[in-house]
Amino acid sequence: MSEFFAMNGYGFYVWSAYGVAALALVIEVRALRSRRRAVLEEARLVQPESAALTGAGE
Amino acid sequence: MATSWFKYSSPASFYPLAGKMIPWFAAAAAVLAVAGLVIGLVVAPTDATQSDAYRIIFIHVPAAWMSMFLYVVMAAWSAAALGFNTRLSAMMAQAIAPTGALMTFIALWTGAFWGRPTWGTYWAWDARMTSELILLFLYLGIIALRNAIDEPRRADKACAVLALTGVVNVPIIYFSVYWWNTLHQGSSVSMTRAPSMAAIMLVGMLVMALAGWFYAIAVILARVRTIIVDRERGASWVAALREVRHA
Amino acid sequence: MAATLAIAPERTDTAWPALRWAVARDVKLALRSRAELGVQLLFYVVVASLFPLATTPERSTLTVIGPGVLWVAALLASLLSLPRLFAADHADGTLEQIALSPYPLVALVGGKIVAHWLTTGLPLVVIAPLVGLQYALDEETLSVLAVALLIGTPILSLLGAIGAALTLGLRASGSLLALLILPLYVPVLVFGAGAVDAARTGLGASAHLSLLGAGLLIACVGAPFAAAAAVRIALD
């Protein structure tokens, strides 16, 4: 197992590469999720006005 | 048959379709990624010249392919946005840019960490890495232009023009950098030259590339859904969405 | 006759007069603020003079970095002058009038680009070899520099016009313009500076200059249309 992590002495490079790549993807997904939450919240707040303006059948 | 696809060209009808597609692409990406990582980190043999450091190519090469492919796809959606004047095409282009930039960053980072142990330096001005760096600047420029323009339709069209100008220039930029590099290095040491490919290494790269492709589709569809809700905020179909009413 | 003109506002036989009009107007306006043009040239001279101070007065080093420095300074000078292309006309509403006129916008934008080059690029072609003397470059190298800039600076104006139109009226438009345009300038820099360097080392600059010339042709064909489209987008 420790051989796997050591990668024949190149562990630092291999895991820095894989690690940052994984981190970048995780950050992207989380940023997407939090942006979605914020946008949905804003859309909910807009709702009463648009309902008043557009009426029932838009 | 052609007309039935056009009904999805309105944000309102594309939104639920995209929502249904995301879980499938995400699941496919996860499965392929696991398979690819197993091949790349475990199954593929240690290389004779580059030892285990070469395993970085299983991330580096797919990321580089994705970064270029996504730029072309973004340019295609931009062309559609200008040609057909459709909002959704522009929204798709808008959704692609951040993922494309991220793939470019991953390609550059993994390339640097592959270069250090193998060729002794984190950064060498070889043709491919330099072109990849410029590609990152092109992506960031599009994102910066989008952020700088407040009015969404103007931003759509401006970013579309910029993306198309860029896509024409990318081959020219690559050619010029390659020319510059070979003139100054004689027998060009390509920093990103992979070891001679055993079949299993090629399979590993292709599996990871597919995983990256499906991941990108899932993430971009998710982003475009958020963009749609954000830009169509006043519409009654948005107000009626369950996720909006219970936000 | 008047009726036909009304239905077909973009007749091609109005393109050349429109282009000539735009060139004449913009050159006249630029010459009115001669000081501004002088400042831009002075900027070029100052920037190019900074690098020896930042590195070394040693001739062998200076001749090596000289071509690159002289070209990068030209790029920066171009970036500095680009906002002038559309901003003033945009601010007082003239640009809108130009876009609404029956004359082809492509021709009018093309004319503005030509005028921009005549007032910013062409002076550089004259000044740069003189500045290049600071870098201990010989006459043949300096004449190649002039030719390379003669072919390359129009490309800078053409590509720059696209960026200037896209960023019209935006906050921090200067920095944004630089971010958008500099990646596109890279081939011009590579072939332009490469030509001078090839001349310096005696290898012959004809390949570089031919590629630069090809780039100019491509830019002439494509850039005015992209810039005109970008102007319309900015005005809508």
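Two residues are said to be in contact here if their C-beta atoms, placed from the backbone, lie within 7 Å, and helices (H or I, at least four residues) and strands (E, at least two) are DSSP runs, numbered from the N terminus. This is a predicted model, in which local features need pLDDT of at least 70 and side-chain atom pairs count only at pLDDT 80 or more, while totals for chains, interfaces and linings use all residues. Residues are numbered from 1 along each chain as its sequence is written, and chains are lettered from A and ligands numbered from 1 in the order in which they are written. The model as a whole scores ipTM 0.88 and pTM 0.90.

Of the 247 residues of chain B, 49% count as buried, where a residue is buried if 20 or more other C-beta atoms lie within 10 Å of its own, exposed if 12 or fewer, and partly exposed in between, with C-beta atoms placed from the backbone. When the contacts in chain B with a separation of 6 or more are considered, residues 24 or more positions apart account for 80% of them.

Within chain B, helix 2 (residues 11–43) has 33 residues and reaches 44 Å from its first C-alpha to its last, close to the 48 Å expected at 1.5 Å a residue, the expected span of a helix being 1.5 Å times one less than its number of residues. This helix 2 of chain B has a kink of about 25 degrees at B:M21, shortly before the proline B:P23; the bend at a residue is the angle between axes fitted to the seven residues ending there and the seven starting there. The buried residues of helix 2 of chain B include B:P11, B:Y15, B:A18 and B:A29, and what covers the buried residues of this helix includes helix 3 (57–84), helix 4 (87–119) and helix 7 of chain B.

The next step is to see how the chains meet. Of the 2 pairs of chains in contact, chains A and B share the most contacts, with 28 residues taken from chain A and 32 residues from chain B. On the side of chain A that touches chain B, the residues divide into 16 nonpolar, 5 polar and 7 charged; here Ala, Val, Leu, Ile, Met, Phe, Trp, Tyr, Cys and Pro count as nonpolar, Asp, Glu, Lys and Arg as charged, and the others, Gly among them, as polar. Chain A itself has 2 helices and 0 strands, and of its 58 residues 16% count as buried.

Chain B also meets chain C, with 21 residues of chain B in contact with 19 residues of chain C. The elements that give two or more residues to this side of chain B are helix 5 (127–148) and helix 6 (152–185) of chain B, and helix 6 of chain B gives the most, with 13 residues. The residues of the side of chain B that touches chain C divide into 15 nonpolar, 4 polar and 2 charged. No contact joins chain A and chain C, whose closest C-alpha atoms lie 23 Å apart.

In chain C, the mean pLDDT (the predictor's confidence in each residue, from 0 to 100) is 90, and 94% of the residues reach 70 or more. Among the elements of chain C, helix 1 (residues 2–7) has the lowest mean pLDDT (35) and helix 8 the highest (96). Helix 8 of chain C, residues 139–166, should span 40 Å at 1.5 Å a residue for its 28 residues, and its end C-alpha atoms are 40 Å apart, which agrees. A kink of about 30 degrees lies at C:L150 in helix 8 of chain C, shortly before the proline C:P154, and the helix is mostly covered, with 22 of its 28 residues buried.

Two loop residues of chain C deserve a look. C:A136, in the loop between helix 7 (105–132) and helix 8 of chain C, has a phi near 55 degrees, a positive value in a residue other than glycine, and C:A136 counts as partly exposed because it has 16 C-beta neighbours inside 10 Å. C:A172, in the loop between helix 8 and helix 9 (173–200) of chain C, has a positive phi of about 50 degrees although it is not a glycine, and C:A172 is exposed, with 11 other C-beta atoms within 10 Å.
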